[in-house]
Amino acid sequence: MDTCICRQASECKDYPRDLGCLFLGEAALDINPELGRRISKEEALEYVQRCREAGLVHLIGRNKLDTVWLGVQPGIKLLTICNCCPCCCLWRVLPYVSSQIGSKITRMTGVTVAVNDLCVGCGTCTDEVCFVDANRLVDGRAVKTEACRGCGRCVDVCPEGAIVIKIEDDKIVERAINHITSLVDIF
Ligand code: SF4
Ligand code: SF4
Ligand code: SF4
């Protein structure tokens with residue numbers, strides 16, 4: 001998508017509005033061409049890199065809502081890569097939806113996020129930064145709840161470098177591909 005409709009609707013001033021979702025799979029061929037353009041694998045990789053450099057966070061998976069609003073089928077043939085900021089529709093609703101729905105969005109296995117002793121309790125990470133409201137200030141120090149999905153956004157905003165994101169699993173890419181493959185058939 002040449003336009004991020006969430007940032008456009010929110011009149012976002014912090015992140016680029018011309019970087020939107022990326023869709024993969026056969027069902028993506030039926031997307032209205034006015035919503036974006038078809039690109040090669042190499043261009044897609046470059047696009048993802050641009051999004052990351054802009055500070056956007058990737059949410060990857062099958063999103064049934066996308067098949068509805070895009071009017072494409074079947075859902076199992078559509079993989080969505082969102083390049084999100086706090087304007088994102090999912091980020092906005094996730095703290096408020098039932099845990100049954102919210103639990104469908106999971107942290108990648110092997111990613112850990114922890115607060116270390118550099119934390120001075122400034123509250124930056126608890127101030128509407130987290131899309132699942134997983135940061136709390138307890139006794140003057142940030143604490144993460146189990147709701148954390150490991151997106152890394154609070155890591156980027158902490159002025160003290162007190163939040164550390166780590167990949168503990170050297171097979172993380174392989175496991176993520178296997179997990180997504182069990183849900184979305186784009187190959
Ligand atoms: S889901 Fe993410 S990338 Fe897609 S339009 Fe919304 S914020 Fe933009
Ligand atoms: S932003 Fe960093 S220093 Fe401030 S409360 Fe959060 S972890 Fe602590
Ligand atoms: S990494 Fe930080 S911002 Fe992302 S989900 Fe976890 S607590 Fe929230």
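Predicted model: local features only at pLDDT ≥ 70, side-chain atom pairs only at ≥ 80, totals over all residues.
Local features require pLDDT of at least 70, and side-chain atom pairs count only at pLDDT 80 or more, while totals for chains, interfaces and linings use all residues. Residues are numbered from 1 along each chain as its sequence is written, ligands are numbered from 1 in the order in which they are written, and side-chain values use heavy atoms, without hydrogens and water.

The chain divides into domain 1 (1–103) and domain 2 (106–182), with bounds from an automatic or database domain assignment. Their centres, taken over C-alpha atoms, are 21 Å apart. The contact (heavy atoms within 4.5 Å) takes 13 residues from domain 1 and 10 residues from domain 2. About 970 Å² is buried between the domains, and carbon and sulfur atoms give 64% of this area. Buried area is the accessible area (1.4 Å probe) that two parts lose on being put together, summed over both. Val57, Trp91 and Leu94 lose the most area on the domain 1 side, together 40% of what that side buries. One salt bridge is found across the interface. The term denotes a side-chain nitrogen of Lys or Arg within 4 Å of a carboxyl oxygen of Asp or Glu. Arginine 52 and aspartate 156 form a salt bridge, with the closest N and O atoms 3.9 Å apart.

Ligand 3 is surrounded by residues including Cys130, Phe131, Lys144, Cys148, Arg149, Cys151 and Cys154, where a near residue has a heavy atom within 4 Å. The shell has seven nonpolar, three polar and two charged residues. Ala, Val, Leu, Ile, Met, Phe, Trp, Tyr, Cys and Pro count as nonpolar, Asp, Glu, Lys and Arg as charged, and the others, Gly among them, as polar.
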